[in-house]
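Here is a friendly walk through how two chains meet, with a stop at one ligand along the way. Have the structure open and follow the points as they come.

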Amino acid sequence: MREQHPIIAERFPDLHPPFAAQAATVEANRCLNCFDAPCTAACPTHIDVPKFIKKIASGNLGGSARTILDANVLGASCSRVCPVDVLCEGACVMHRYNKQPIEIARLQRFAMDGFHALGGRLPKKFEDSRPGHIACIGAGPASLACAAELAQQGFGVTVFERRPLPGGLNTYGVAEYKLPAWASLREIELIEDLGVEFQFGAEIDAEKLAEIEREFDLVFIGVGLGAGHGLKIPGGDHSGVVDALEFIAAYKTAKITSTNGKVAVIGAGNTAIDAANAALRLGAAEVSIVYRRKRENMSAFGFEYEHAKQEGVRFLWQTLPVRVITDGGMLEFMECTRVDDAVLPVAGSEFLLPCDLIITAVGQSPLLDLLEELKGVTLEKGRVVIERRTGRTTNPRYFAGGDCVNGGREVVDAVADGKRAAIAMTRHFEATYA
Amino acid sequence: MPDLAVNFAGIASPNPFWLASAPPTNCGEQVMRAFDAGWGGAVWKTIGEQVTNTASRYSSIDWNGQRMMGLNNIELISDRPLDVNLCEIAEVKKRYPKNAVIASLMVESKREAWHRIVVQAEDAGADGLELNFGCPHGMSERGMGSAVGQVPEYTEMITSWAKEKARTPVIVKLTPNISDIRVIARAAKRGGADAVSAINTINSITGIDLDTFTPRPNVDGKSTHGGYCGPAVKPIALNMVQQVTSDPKAALPISGIGGVSTWRDAAEFFLLGCGTVQVCTAVMHYGYRIVEDMIDGLEDWMREKGFATIEDFRGLTLPHVTEWKHLNLNYKIVAHIDEAKCIGCDLCYIACWDGAHQCIHRDRVTGPVDGPVELHTVPASIEAATRATIAVTPIPRLDAHTRDGSKDKTPVERIPRVDETECVGCNLCALVCPVDECITMVEVPTGLPSETWEERARSKECAPPAMHG
Ligand SMILES: Cc1cc2nc3c(=O)[nH]c(=O)nc-3n(C[C@H](O)[C@H](O)[C@H](O)COP(=O)(O)OP(=O)(O)OC[C@H]3O[C@@H](n4cnc5c(N)ncnc54)[C@H](O)[C@@H]3O)c2cc1C
Ligand SMILES: Cc1cc2nc3c(=O)[nH]c(=O)nc-3n(C[C@H](O)[C@H](O)[C@H](O)COP(=O)(O)O)c2cc1C
Ligand code: SF4
Ligand code: SF4
Ligand code: SF4
């Protein structure tokens with residue numbers, strides 16, 4: 001994991017290769033240095049974009065990285081995974097100037113790569129240690145951002161993660177051609193370096209929760225979402241039907257390094273696209289995305305759709321899986337039917353889609369088993385209800401952020417949530433121990 | 001078809017584009033290639049007693065990723081034997097009789113020395129002579145170059161020595177390293193010069209290596225001040241040219257030098273009265289080929305303006321340059337933002353707040369607002385307000401309405417508003433605006449007659465003393 005498997009490395013090279021130093025300077029010089037820059041406003045963590053870009057131009061790479069990290073402790077992974085078309089780069093005034101937005105993310109990666117290469121460390125924001133112990137549940141981006149800020153502020157933080165490695169979906173979920181697992185882990189080492197304690201293999205349940213409640217002052221819930229909804233059609237429990245998240249985690253951890261034959265991916269969100277692209281890169285002969293609605297209804301970003309087309313993914317619109325057909329235990333076909341705009345089957349339109357693997361990517365369900373154990377914490381449609389500015393739940397000792405709160409947005413949203421919660425917790429401790 | 005041919009103080013040239021005396025005119029082979037490329041004339045790299053140059057010799061100023069905004073050199077005059085240079089001048093003139101070849105001269109300040117070099121250069125076939133009284137480094141330490149050009153008496157004396165022997169026109173090349181260039185230009189005129197050229201390079205230290213603490217260019221751990229030229233010096237050159245051309249005691253045909261890189265730069269020098277322009281840095285940067293667009297662009301512009309020759313527009317700007325005291329104090333303009341062009345960078349806003357008169361505001365709102373709109377918000381609170389907003393990634397499923405399609409449209413709250421009653425019409429915002437023609441300065445009739453500072457001062461003198469009580 002800390003090193004990429006050679007086959008994975010070969011098949012998932014950087015989608016957006018890093019800037020060479022000279023190219024970064026040219027691009028940095030192009031930025032207008034807007035006042036109250038719209039790119040900064042659009043960034044959920046409000047990284048001061050022109051500030052870090054102009055530091056690249058002036059040759060102050062260390063200052064550039066510090067500017068990024070000050071706002072976003074996962075600035076390195078965000079620079080690789082953020083859907084910048086709808087964030088900073090989408091807001092860049094250059095769209096209206098010469099139609100070429102500044103390549104903010106690649107510049108951010110340039111600064112962060114430089115920082116890592118020089119062995120940079122995260123600065124403390126408060127020198128001494130202070131009273132206040134916080135437990136963060138889950139080691140995904142939300143918890144990591146929360147833990148880092150609290151440790152920087154001098155508080156004691158322990159992160160409980162059920163998996164063997166930290167990072168959440170940054171390590172186990174994001175497409176490898178954007179963010180290889182090792183790069184996610186490298187960034188987290190700096191958070192460990194701040195003195196944050198990590199406990200792995202620590203699945204938190206009602207019992208452990210009670211312990212945590214006793215031992216810690218405040219708790220941050222950053223557990224993300226749970227497994228995907230299964231395929232609820234006849235044959236949907238066949239072993240050749242796999243959940244997209246499992247499939248992706250398996251190749252990212254190099255448990256699988258190849259996919260053969262024909263693959264059907266059900267769903268048309270970003271996860272479906274990641275899984276479809278991965279299947280193709282792993283060697284699948286044909287990959288079809290099967291979606292019951294039309295193109296304009298898909299929940300994937302426009303640029304992800306374009307990317308998938310380039311990779312060679314086929315799209316079957318207004319198509320509904322009906323049942324899985326096997327032959328001697330082997331997957332053979334998925335029977336599908338065409339549907340109309342109301343998603344009602346069109347009579348006589350059934351057809352057999354040959355497939356050797358079916359990947360389901362129809363949304364993740366909330367981790368209700370745990371969330372419903374949280375006393376006094378209100379849920380709404382399975383999401384933890386928080387006060388937006390502070391991340392505080394309806395139980396004042398519990399804070400929450402990330403996918404478990406927003407139902408599944410992006411890494412940068414989780415980071416912003418985690419940091420806001422940490423700042424609110426800091427205020428709480430400062431008020432308590434003042 | 002415009003005719004670019006000029007006659008400069010008696011020197012005929014197929015066009016007004018000359019190479020300045022510098023590395024591009026080091027040798028005959030180069031000058032011939034330059035003429036092939038289209039250059040009308042060349043001022044030979046200054047000849048005199050052979051010198052030894054240093055390594056390195058040049059340094060430059062980059063600006064926002066652009067190379068050589070300004071170039072600095074510590075090079076002396078020609079480091080080739082005098083007789084070789086003379087032979088090659090003869091060779092070039094033989095092969096290119098229509099092009100102007102001017103010999104740039106610098107010898108020690110002795111009458112015989114000047115007489116000898118003048119004769120040698122003219123015998124070789126030079127169409128004219130340029131006296132290099134401008135070189136600001138090295139040669140000046142030996143009493144030559146700017147050591148001459150900084151003292152009116154020396155300038156006048158040596159010019160007259162050259163004139164004693166010269167049969168071709170004598171051009172005196174002026175140094176800018178002096179407080180009033182007119183004083184030296186007048187001296188040159190008194191000495192009998194047929195023309196002047198301006199400017200030579202400006203004393204400079206271009207920069208310092210932050211690791212070794214040595215200025216550039218580095219010669220074995222040491223450096224010395226050099227001469228600055230290139231695009232950065234054009235404004236200084238234009239001003240000095242204007243000073244000379246507007247001074248009756250100095251006015252002579254003038255060859256404009258300093259930062260000329262394009263036909264536009266050249267046109268500006270002509271509009272201030274120059275008969276030719278000379279180019280060095282731009283050629284050192286890109287090669288002789290740049291003259292093609294200088295000719296092509298200037299011809300196009302002349303056609304558009306209806307000018308047939310350089311004489312048709314030479315000096316047209318001069319009547320528009322005057323002294324401060326003659327400017328109309330009752331002329332009022334204000335900044336106007338073309339909202340359709342504005343891209344929302346808000347650079348005009350911060351420029352006016354921090355660098356001008358706090359009269360551009362970010363107080364526009366799109367929809368209905370709760371409570372009063374805060375007017376004249378200071379920059380820091382705008383930034384703080386942005387940092388306090390909660391932004392989320394708009395995802396298609398949930399927020400289809402939020403952004404798509406808006407990339408091309410500037411949000412109205414980012415389009416600043418000019419408070420015209422407070423605007424002093426300084427131009428700053430229009431200068432910083434990245435979009436062409438987006439901020440324009442619009443005249444506001446004041447209904448007042450023109451009144452200059454001088455007039456106002458005079459009328460105050462005449463005004464009766466204020467009454468008290
Ligand atoms: C396939 C896929 C691709 C994506 N691609 C991108 C992308 O390119 N760019 C982007 O910005 N976003 C992407 N996202 C979204 C992004 O990954 C998430 O929004 C982000 O990771 C949310 O962070 P989080 O901390 O809330 O949750 P997670 O990253 O899910 O982390 C939660 C952590 O909590 C742990 N946990 C859960 N329950 C318990 C428990 N009971 N005890 C202990 N630990 C527990 C989990 O193991 C996990 O490590 C993608 C998501 C998916 C599914
Ligand atoms: C490397 C170098 C050497 C120069 N040598 C001379 C010279 O020998 N004689 C001279 O009169 N001017 C010399 N100059 C000055 C140029 O002729 C010219 O006046 C000056 O460079 C300004 O023009 P520009 O801005 O187009 O470069 C030299 C300039 C440079 C850059
Ligand atoms: S909007 Fe674009 S040009 Fe303006 S500061 Fe941001 S990146 Fe630079
Ligand atoms: S012209 Fe000067 S004072 Fe007027 S708005 Fe522009 S910057 Fe401000
Ligand atoms: S500088 Fe120009 S483009 Fe930028 S906000 Fe002002 S008017 Fe608009």
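In this predicted model, 37 residues of chain A are in contact with 38 residues of chain B. Putting the two chains together buries about 3100 Å² between them. Carbon and sulfur atoms give 55% of that area.

**Who contributes on chain A**

- Sorted by class, the side of chain A that touches chain B has 19 nonpolar, 8 polar and 10 charged residues.

- The rule finds 3 salt bridges between chain A and chain B.
- A salt bridge joins A:Asp36 to B:Arg414, with 3.8 Å between the closest N and O atoms.
- Polar contacts between chain A and chain B come to 16 residue pairs, counting pairs with both residues at pLDDT 80 or more.

**Around ligand 3**

- Which residues are around ligand 3? They are A:Cys31, A:Leu32, A:Cys34, A:Ala37, A:Cys39, A:Pro50, A:Cys92, A:Val93, A:Ile102 and A:Ile104.
- By class, this shell has 10 nonpolar residues, with no polar and no charged ones.

How values were computed: Residues are numbered from 1 along each chain as its sequence is written. Chains are lettered from A and ligands numbered from 1 in the order in which they are written. This is a predicted model: local features need pLDDT of at least 70, side-chain atom pairs count only at pLDDT 80 or more; totals for chains, interfaces and linings use all residues. Side-chain values use heavy atoms; hydrogens and water are left out. Contact means heavy atoms within 4.5 Å. Buried area is the accessible area (1.4 Å probe) that two parts lose on being put together, summed over both. A salt bridge is a side-chain nitrogen of Lys or Arg within 4 Å of a carboxyl oxygen of Asp or Glu. A polar contact is a pair of N or O atoms within 3.5 Å; within protein, one must be able to donate a hydrogen and the other to accept it, and residues adjacent in sequence count only if both atoms are side-chain atoms. Ala, Val, Leu, Ile, Met, Phe, Trp, Tyr, Cys and Pro count as nonpolar, Asp, Glu, Lys and Arg as charged, and the others, Gly among them, as polar. A residue is near a molecule or strand if one of its heavy atoms lies within 4 Å of it.
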